[in-house]
Amino acid sequence: MKMPTGPQRGAREKRELCELMGRRSLHTPQELKHMIIKSARDILERGGISALSARAIATTIGYSPGTLYNVFKNIDDVISTIECALLQEASAALRSVPREGDPANHLRALAESYMGFALKNRRLWNLLFQQVPRQDSPN
């Protein structure tokens with residue numbers, strides 16, 4: 001289908017062009033946020049920080065890279081959100097260790113829980129110590 005260009009393009013043609021280009025609004029901002037976080041987390045777990053990009057996330061969720069910036073300030077904001085969730089998960093794992101018996105045994109159980117969590121989530125846990133946010137503007 002040949003599309004008119006410039007001022008001759010009408011509302012119907014613009015709508016069709018948008019559909020052809022994949023522009024869509026099938027998800028709420030909250031759903032998009034969840035999809036972006038899940039995708040980014042999967043990418044980080046598989047390939048580490050070097051595999052993560054707006055384009056990689058967008059490809060996975062079926063949106064354009066610009067969509068990410070409608071939901072998050074930048075890619076560092078996505079990473080920070082994942083890191084916060086990871087720390088909450090780690091905290092929950094440590095809180096689930098029963099406080100019974102000898103304090104030394106409790107401390108050992110906490111250490112085992114911490115190490116188990118860190119090893120289970122190795123790439124994400126390492127991200128906490130290796131990712132340095134970019135500066136948005138020079139000081």
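This is a predicted model: local features need pLDDT of at least 70, side-chain atom pairs count only at pLDDT 80 or more; totals for chains, interfaces and linings use all residues.
Me: Which residues of helix 5 and helix 7 make you say that the two helices meet?
Reply: On the helix 5 side they are Ile 79, Ile 82, Glu 83, Leu 86, Leu 87 and Ala 90, and on the helix 7 side Leu 124, Trp 125, Leu 127 and Leu 128. Contact here means heavy atoms within 4.5 Å. Helices are DSSP runs of H or I, at least four residues, numbered from the N terminus.

Me: What makes up this contact of helix 5 with helix 7: nonpolar, polar or charged residues?
Reply: Nine are nonpolar, none is polar and one is charged.

Me: Why is His 106 called buried?
Reply: Its relative accessibility is 14%, so His 106 counts as buried; the cut-off is under 20%, with exposed over 50% and partly exposed in between (1.4 Å probe, protein chains only). His 106 sits in helix 6, and, neighbours within four places in sequence aside, Val 97, Pro 98 and Arg 99 are in contact with His 106.

Me: And why does Gln 130 count as partly exposed?
Reply: Because Gln 130 has 45% relative accessibility, it goes into the partly exposed class. Gln 130 belongs to helix 7, and its C-alpha atom is 8.9 Å from that of Ile 49, 81 residues away along the chain.

Me: Which residues of helix 7 are buried?
Reply: In helix 7 (122-130), Leu 124, Trp 125 and Leu 127 are buried. They span an arc of only 145° around the axis, so they lie on the same side of helix 7. (The arc is taken from the directions from the helix axis to the C-beta atoms.) These buried residues pack against helix 2 (29-47), helix 5 (75-95) and helix 6 (103-120).

Me: What about helix 3: which of its residues are buried?
Reply: Ala 54, Ile 57, Ala 58 and Ile 61 are the buried residues of helix 3 (54-61). Down the axis they fall within an arc of 95°, so they line one face of helix 3. Arg 55, Thr 59 and Thr 60 are exposed on the other side.

Methods
Residues are numbered from 1 along each chain as its sequence is written. Side-chain values use heavy atoms; hydrogens and water are left out. Ala, Val, Leu, Ile, Met, Phe, Trp, Tyr, Cys and Pro count as nonpolar, Asp, Glu, Lys and Arg as charged, and the others, Gly among them, as polar.
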